Amino acid sequence: MSQQPRIAIAIVGSGPIGATYARLLLEGIPGATVTMFEAGPRLTERPGASVRNIADPEARAKARELSQGPQAGGYRESIGIPAETVAEGTFTARQGTHLIDFGGPGAGHAASFPAAAVATNVGGQGAHWTCAVPRPAFSELIPFIPEPEWEDLIGEAERLIGATPDAFADSPVGTAIRSLLEEEFAGELPDGYGPGVLPVAGQENADGTMTWSGTDVVLGSLIEPGTELAARFELRDLTFVRRVEHRAGRATAVLVEDLRTGRRETVPADLIVVAADALRSPQLLWASGIRPRALGHYLTEHPVVISTVALDAAAMRRFATEEDLDRELARRAGNAVDPVSGVNRIPFSEPDHPFAAQIMYSETTPFPMEPGQPYAENRWGYVNMGYGLRKRPRFADAVTFDDDELDYRGMPNMTIHYALTDAELAEVEMATGLLRRAGGALGTFVAEPRLMPNGSSLHYQGTMRVGESEDGTSVADPWSRVWGFDNLLVGGNALIPTATAVNPTLMSIAIAVRGARRLVREHTTSGIAAGAPSYR
Ligand SMILES: Cc1cc2nc3c(=O)[nH]c(=O)nc-3n(C[C@H](O)[C@H](O)[C@H](O)COP(=O)(O)OP(=O)(O)OC[C@H]3O[C@@H](n4cnc5c(N)ncnc54)[C@H](O)[C@@H]3O)c2cc1C
């Protein structure tokens with residue numbers, strides 16, 4: 001019987017992208033073992049599960065706080081963060097995340113991108129996300145990936161994350177919202193790109209509630225005890241990767257620190273994937289002396305214009321009845337912890353609608369309203385509407401690293417340089433106009449449209465772009481391998497090279513599927529362990 005070559009794979013980061021690599025490489029390479037290193041703690045019994053599925057509010061709050069790295073409150077000590085690094089400042093990170101520029105000792109510098117935040121926990125941001133998974137389109141697509149292959153990659157990404165195209169599609173309130181928006185924008189948008197249901201990652205249950213997909217869904221049978229794949233998979237939480245060791249264009253090991261004990265260890269690996277988010281992955285490469293010119297540069301995100309609208313009873317009654325609403329409210333009462341029960345969108349299209357609009361129906365506003373305040377108790381509820389915009393990639397927008405000033409983890413500290421240009425500001429104005437029209441069609445604004453502070457989208461892209469050639473404008477080749485390395489890959493939203501408005505995770509999973517498939521092909525024919533590691 002022939003012996004399978006053993007291939008030791010190290011993955012940095014346990015978010016959806018690290019999980020995609022772990023799953024596809026273990027499924028595809030019979031001799032492989034994967035060790036996944038995660039700086040944050042495990043939150044849930046099932047590793048990486050969405051905290052939105054935790055029914056008990058206290059347990060849910062604890063899970064979020066545990067993910068908040070240096071900003072965590074009562075649980076801070078349990079994750080090894082010094083007590084004095086308390087968050088201060090104007091901007092509050094979204095629950096489950098912590099600010100880069102948090103104001104305490106060892107904080108990063110992000111005055112021009114003040115809402116920059118990350119999550120530090122098993123499952124990464126994939127344990128906290130909203131689960132919107134629309135497909136990229138038009139100029140958002142990566143030009144050098146052939147269309148038939150892209151269709152296949154994105155289909156596989158949807159399978160891995162458990163995408164559902166028609167969640168809450170039968171909600172009469174959601175349908176009425178779509179109908180009002182269709183009337184407002186009739187004839188202005190290309191066929192197939194009008195108001196529709198937003199695809200989300202999750203499973204709709206028989207009682208109408210959702211089980212939201214977390215990173216656990218991507219990991220699949222790797223976290224089912226007793227399976228063959230689980231036997232080849234190890235997830236080490238509270239383990240921080242300080243450095244990727246390399247020699248002559250080959251990654252050889254990772255230097256890791258157990259955050260519980262402070263013990264450091266060098267773990268050899270045949271193949272290394274860095275998927276530690278769009279700010280900390282380039283930081284790790286920088287700290288490892290891997291510094292392609294584009295590393296950290298071409299930072300983009302989605303400028304976001306948001307507002308909240310109280311739905312107008314008379315307008316809504318043109319498409320739904322009071323009885324429909326009663327039924328909807330009764331269904332919602334069965335799942336009081338999850339305020340969202342209808343997700344609509346107007347997708348990105350060109351040339352006239354370069355925006356991804358998200359319209360979430362909710363019974364309550366995301367901010368407290370005083371009783372007696374107009375629309376404080378609006379029987380038809382509210383929509384929270386956000387228009388996500390694109391940002392053109394520019395070298396000048398960047399996260400840079402300082403070897404002489406260390407952050408709270410002892411890594412080269414970050415400074416973020418970022419500015420919106422006239423091109424973005426013109427689109428902010430357009431989006432605000434469209435948002436006013438959409439809101440006017442649906443009801444009355446209880447929060448006026450406003451541009452959120454830079455960094456608010458949490459969709460940071462471009463800092464480790466894929467590119468077709470090694471011309472200084474990209475960090476990785478079309479299969480996500482860092483230029484100059486055969487066995488070091490990067491993953492995540494940082495790889496997206498285009499100006500997008502679409503939520504990025506599905507696209508990033510698709511890019512990771514491409515990288516993983518190529519590795520599987522290579523390792524099941526020649527194979528690193530067989531001594532033939534050339535992929536070019
Ligand atoms: C509240 C919220 C809502 C969101 N909504 C959406 C949405 O609706 N749709 C969408 O597409 N996207 C959404 N996102 C973004 C989405 O979650 C991310 O795109 C996705 O999680 C990125 O996956 P990733 O694996 O690249 O990185 P992450 O999920 O960020 O995981 C990276 C992991 O790496 C770990 N890490 C970092 N450095 C190190 C190190 N040196 N050593 C070890 N581990 C390290 C981190 O602790 C983290 O757990 C949302 C995010 C948040 C927080």
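Colleague: Which residue is the bridge partner of V256 in β12?

Modeller: Happy to start there, with a predicted model in which local features need pLDDT of at least 70, side-chain atom pairs count only at pLDDT 80 or more, and totals for chains, interfaces and linings use all residues. Residues are numbered from 1 along each chain as its sequence is written, and side-chain values use heavy atoms, leaving out hydrogens and water. Strands are DSSP runs of E, at least two residues, numbered from the N terminus, and two of them pair if DSSP finds at least two bridges between them. Strand β11 (residues 250-258) pairs with β12 in the antiparallel sense over five bridges, and in β12 the partner of V256 is E265.

Colleague: Why is one side of β10 and of β12 left without a neighbour in the sheet?

Modeller: Three strands form an open antiparallel sheet in the order β10-β11-β12. One side of β10 and of β12 (264-268) lacks a neighbour because each stands at an edge, with a single partner strand.

Colleague: Which element gives the most to the shell around the ligand?

Modeller: The shell has 36 residues, the closest being E38, Q125, A132, N493 and T505 (near means a heavy atom within 4 Å). With three residues, the top contributor is β10.

Colleague: How far is an oxygen atom of the ligand from an N or O atom in the side chain of T505?

Modeller: A backbone N or O atom of Q125 lies 2.9 Å from a ligand oxygen atom. For the side chain of T505, the distance from an N or O atom to a ligand oxygen atom is 2.7 Å.

Conventions. Polar contact = N/O pair within 3.5 Å; in protein donor to acceptor, adjacent residues only side chain to side chain. Helix = DSSP H or I, 4+ residues; strand = E, 2+ residues; numbered from the N terminus.
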